[in-house]
Amino acid sequence: MTFAAAVNPTIFFALWDGSDEKTNNGVPELKGQILQILRTEQKTVSDKRIGSELGIPAASVLNHIQELQEAGYQMSVTSGGVRLDKSPDALFPWEFSKREFKIHYYQELSSTMDKAKALAFSGCPDFTTVIAERQTKGRGRLQRVWQSARGGLYFTIVLRPNFPPALSFRVNFTASIILARVLRDMFKIDAMVKWPNDILVDELKLSGMLSELETDGEMISFVNLGIGINVNNDPTIVEPGATSLKKILGRNIARREILARFLDEFEDKIHHQNLDHIISEWKEYTITLNRRVKIVTINGHFEGFARDIDENGALVLEMADGIRKKVIYGDCFH
Ligand code: BTN
């Protein structure tokens, strides 16, 4: 059964067409290895030396260099060899070394959720990640549209956690904690979580999450977690309550490191750490509690005082008559 689970652009027109053919049978893409050598050396390196390190002819190195240049990498190529001058803000699979084979990168998709779902049904591995430079039908929670112009970070991760569907909320709560932490650490910004899983800075929305769950009997078959982060795009044109990293920091931001760090830290937490106390951990990051909120659900809206989050991630609201009400799925306005 499939259902939407709760809780939850740098103008770079690369020649890369977004093909997700993974034809190199587990052998890392040579472009990634060539870039690694050039980044380590930070000077001109002869194509012969690169070729001998990688076990390929120098002519083949030069072909890859040309393709990298066409994809936006600025290189100086002289008789002495090759130097990497500047990398584009690129999310090509080879930029994610050890997870290269699980990255499916596209210039444009209707929604990364759709592509991820098809991949999940075809049996792709845990932590397969679909990235699009832009989405033509980006989806938000509660059937809203997610503005997905170039410059933002739009991706969906296919997760296959080993726990029952009732605990699937842990995925979203874990992801929002990790994303807030990564953003705080990388940019020294006050990233806070709004119930259920939005990331706000100064009360303006920087990121949102959407998930879709597929069960198989008593177990989760997959949870697809879609995340949109406003990085270099300007969401305020249509969403006055939103912001972007570029607006906050006043400069263009490279997206690759955000995604790489998020994936590494999120995977570590999901696979190797105990998630039994994830809700109390989440509470340390939230600005939703102990304030009046308006809740919007598919069936209507109501107001109350946000008292707590229960052990299943539901928001505990105290209504005007003192009665407490639990909200499992909805959106919250402070
Ligand atoms: C929300 O806050 O309403 C959730 C927004 C989720 C947006 C992301 S962008 C990547 C993925 N693909 C989509 O179509 N939506 C999610």
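The dialogue below works through the ligand site, the backbone and several residues of this predicted model.

Me: On what basis are the values computed, and how are residues numbered?
Reply: This is a predicted model, in which local features need pLDDT of at least 70 and side-chain atom pairs count only at pLDDT 80 or more, while totals for chains, interfaces and linings use all residues. Residues are numbered from 1 along each chain as its sequence is written, and side-chain values use heavy atoms, with hydrogens and water left out.

Me: How far is the ligand from N or O atoms of serine 111, threonine 112 and arginine 141?
Reply: The distances concern pairs of N or O atoms. A side-chain N or O atom of serine 111 is 2.7 Å from a ligand oxygen, and one in the side chain of threonine 112 is 3.0 Å from a ligand nitrogen. For arginine 141, a backbone N or O atom lies 2.7 Å from an oxygen of the ligand. The protein covers 99% of the 410 Å² of accessible area that the ligand has on its own; such areas come from the Shrake-Rupley method with a 1.4 Å probe.

Me: Where does the backbone contain a cis peptide bond?
Reply: Most residues other than glycine have a negative phi, and most peptide bonds are trans. The bond from tryptophan 195 to proline 196 is cis, with omega near 0°. Proline 196 lies in the loop between strands S7 (192–194) and S8 (198–201).

Me: What is the phi of phenylalanine 127 and of lysine 188?
Reply: Phenylalanine 127 has a positive phi of about 70° although it is not a glycine, and lysine 188 has a positive phi of about 55°. Phenylalanine 127 is in the loop between H4 and strand S5 (128–135), whereas lysine 188 is in the loop between helix H5 (169–187) and S7.

Me: Are these two residues buried or exposed?
Reply: Buried means under 20% relative accessible area, exposed over 50%, and partly exposed in between (1.4 Å probe, protein chains only). Phenylalanine 127 counts as buried because its relative accessibility is 0%. Lysine 188, at 67%, is exposed.

Me: Why does lysine 31 count as buried, and which side chain does it contact?
Reply: Lysine 31, in helix H1 (residues 30–41), counts as buried because its relative accessibility is 8%. A polar contact is a pair of N or O atoms within 3.5 Å; within protein, one must be able to donate a hydrogen and the other to accept it, and residues adjacent in sequence count only if both atoms are side-chain atoms. The side chain of lysine 31 makes such a contact with that of histidine 64 (3.2 Å).

Note on methods: Helix = DSSP H or I, 4+ residues; strand = E, 2+ residues; numbered from the N terminus.
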